[in-house]
Amino acid sequence: MAKVIYNLLLLVFIFVVLWSVMGIMAGDHMIRKGWFLTTGLLASVGISFLLTLITSIAIKTQQNASLTAVMGLPLMIPMLINILRLTAYASGTTPDNNPWNEMTLLTSIITLVTGLSLWLFPYLWRS
Amino acid sequence: MEESTGNVKFRLAPWKWAAMILLVYVFVAGWIVPLNPGIIEVSPDKATAGEMVVLNITGYNSSYVSDASSHRAWLRLTGDTVIEARHVQAWDDRHLTASFYIPSVFPVRQDAYPLTLVIDHGTEGTSLLPNAIFITPAQEQDTADLKLWFQQKITDVHKKAGIQYPFRNILSETIRNTYFHVPMWFAMIILFGISAWYSLQYYRKGQIDFDTKSVAFIKVGIIFGLLGLVTGMLWAKNTWNAYWSWDVKQNMSAICLLIYAALMVMRSSVEDDMQKARLTAGYNMFAFVLLIPLLFIIPRMTDSLHPGNGGNPALSGEDLDNTMRMVFYPAVIGFFLLGLWISELVYRTDRLKRSLWS
C-alpha cells in the first residue's frame, strides 16, 4: 500500500514538474488546462495502481524486470489510448465532439483498476 | 478401477453429440447453400444525361437465359424516382444488356448523379448494384424530361424460391465467413470468462485443481482467439484489401491475445506451483476485467472499418437475414461447445501430468 502511495506521489510529482518545465521552456500550449490537469492526475492514479500490481506479480518470478513490461504494457494500452485522446483534446489538436464520453470511460477504467488492485494486493503479496 | 478391459463401452455426453451435430450442420449448410444472384459489374460506369446508354451487366450466380422475356431493369435515383429500361436483352446466363434513356433533367441538382441498378427476373428474383453508374449533367436541359422520372415505379418484384444467402456487393461469397469468424470470438470471450470464474474459485478456496481448470480454458481461449484473428485477416484481405490495416478492432484483439500470452510467459517463469497458481489467478481476473473496455468500448468510440464500430451496423437485417440466422446461431453454440470440450480434455491431461510428475 505504501508502495502505491509512493508511486502515485512520484507520478504526480513528475507530471507537475514536466508540465512546468515544458511550460517555461516551450510555452504552455494547453488550451484547456483544467482538462489536462484532471487527465494527468487520473492517469497518475491509474498507472501507479496498475504497475504496482503488475510489479508485485513480476517480482515473484525469475525475470522480474522484463515481465513487468511484458505484462504491464498490454494492460495499460486501453488506458493510454484514452489518456492520449484526452490530452489531444486538452491541447486543442483534435476536435472532439464529446470529451465527456472519454472522461467517463477513463474514470471507470481507473476505478476498476484501483478497486481490483486494492482487492488483489494483499492476496498476491502473501507468500 | 474396473477389471473389465475387454469391451469398454464408448459413451459420450449428450452435449458433445450436440456439438458434433451442430458443427457438421454448420459446415455443410455454411458451404453448400448458394448465394442469391447478384450484379458484379456494369460497363460503362459513366454516362451523360440526355442520351441513350446501353449497359453491359455482368451477373453472379445468375441464369439470365431462362425465361429471358421476364427481365426488367431500372435505374434508381432515390426511392420511387426511377427510369425503366427501354429494352433488356439476355446474351447468356451471366451477361445482360439494358438500354436506358437518361433524362436530361434531374429532380435534384448535383454535380454528378449516382444511380442504382435494379434488375428483376421472374424466377431469379431481384438483384441490385448501388452506385452502378454515374451520370454527369447534360449541356442542354429539356425540362419536359423531368416527368420521365416519375412515370414508372418498381413494382411486382419477385423473390427467388428456395434457400439462399444474401448477395452483398463487397462481401459476395465471403459472407459465409460470418459462421466461422464471429463464433470464434464469442467462444473465446466465454472461455476467458469461465477461466476468470475458476480463478475466482481458486482465490476463494485455494485448491490447485481450480488453477489447472482455469489455465486449460485460457489455453483453448488463446487458440480460438488466434483462429478468430486468422479468419478475420483472411476476410479483411478480401474485403478491405489488406490482411492487416491497423484498424482499431484488429489492434485491440491482438493486444487482447498479448495479455494472455504474457500470462503464459509469466507462468513459465515461476518455479513454485502454489505461487504460480496464485499469481495466475490474480492476473487472470485483472486481465479479464480490463478486456471489456479493450474489446467492447474503445473500438466503438473510434472510426473503424469493422462492423459494429464507428457507426457501422453489426449483424443488422441486411447483413444477417433469417436464412443466415438459421446457421449463425447453431455455429455460435457449436463452436462454444467444441471449445468447452477441448478445454475439458486439456484440463484432464494437465491433471494427469500433475499427478504423474509430482
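Reader: What should I know about numbering and confidence before I start?
Author: Residues are numbered from 1 along each chain as its sequence is written, and chains are lettered from A and ligands numbered from 1 in the order in which they are written. The model is predicted: local features need pLDDT of at least 70, side-chain atom pairs count only at pLDDT 80 or more, and totals for chains, interfaces and linings use all residues.

Reader: Which helices and strands does chain A have?
Author: The general idea: helices (H or I, at least four residues) and strands (E, at least two) are DSSP runs, numbered from the N terminus. Chain A has four helices and zero strands. From the N terminus, the order is α-α-α-α. The C-alpha atoms fill a box of roughly 50 × 30 × 25 Å along the principal axes.

Reader: Is Ile5(A) buried or exposed?
Author: Start with the cut-offs. A residue is buried if 20 or more other C-beta atoms lie within 10 Å of its own, exposed if 12 or fewer, and partly exposed in between; C-beta atoms are placed from the backbone. Ile5(A) has 11 C-beta neighbours inside 10 Å, so it counts as exposed. Ile5(A) sits in helix H1 (residues 2-26) of chain A. Ser48(A) is 43 residues away in sequence, yet the C-alpha to C-alpha distance is 8.2 Å. Across chain A, 34% of the 127 residues count as buried.

Reader: How many residues of chain A are in contact with chain B?
Author: Two residues are in contact if their C-beta atoms, placed from the backbone, lie within 7 Å. By that rule, 23 residues of chain A meet 23 residues of chain B. Helix H2 (33-58), helix H3 (64-90) and helix H4 (99-125) of chain A each supply at least two residues of the side that touches chain B. That side of chain A divides into 17 nonpolar, five polar and one charged. Here Ala, Val, Leu, Ile, Met, Phe, Trp, Tyr, Cys and Pro count as nonpolar, Asp, Glu, Lys and Arg as charged, and the others, Gly among them, as polar.

Reader: How spread out is chain B?
Author: Chain B has six helices and nine strands. Its radius of gyration is 28 Å, well over the 21 Å that the rule gives for 358 residues, so chain B is more spread out than a compact globule. Its C-alpha box is roughly 90 × 50 × 25 Å along the principal axes.

Reader: Which domains are assigned in chain B?
Author: Domain bounds come from an automatic or database domain assignment. For chain B this gives domain 1 (38-150) and domain 2 (172-357). Their C-alpha centres lie 46 Å apart.

Reader: What is the strand order in the four-strand sheet of chain B?
Author: Two strands pair if DSSP finds at least two bridges between them. The open sheet runs E1-E3-E7-E6, with antiparallel pairing. Strand E1 (38-43) and strand E6 (87-90) stand at the edges with a single partner strand each, so one side of each has no neighbour in the sheet. E1(B) pairs with strand E3 (residues 52-60) over five bridges. Gly38(B) stands opposite Tyr60(B) in E3(B).

Reader: And which order has the sheet of five strands?
Author: That open sheet has the order E2-E9-E8-E4-E5 in chain B, with mixed pairing. Strand E4 (residues 72-78) runs antiparallel to E5(B), joined by four bridges. Trp74(B) has Glu84(B) in E5(B) as its bridge partner.

Terms used. The radius of gyration is taken over C-alpha atoms; the globule rule is 2.2 Å times the number of residues to the power 0.38.
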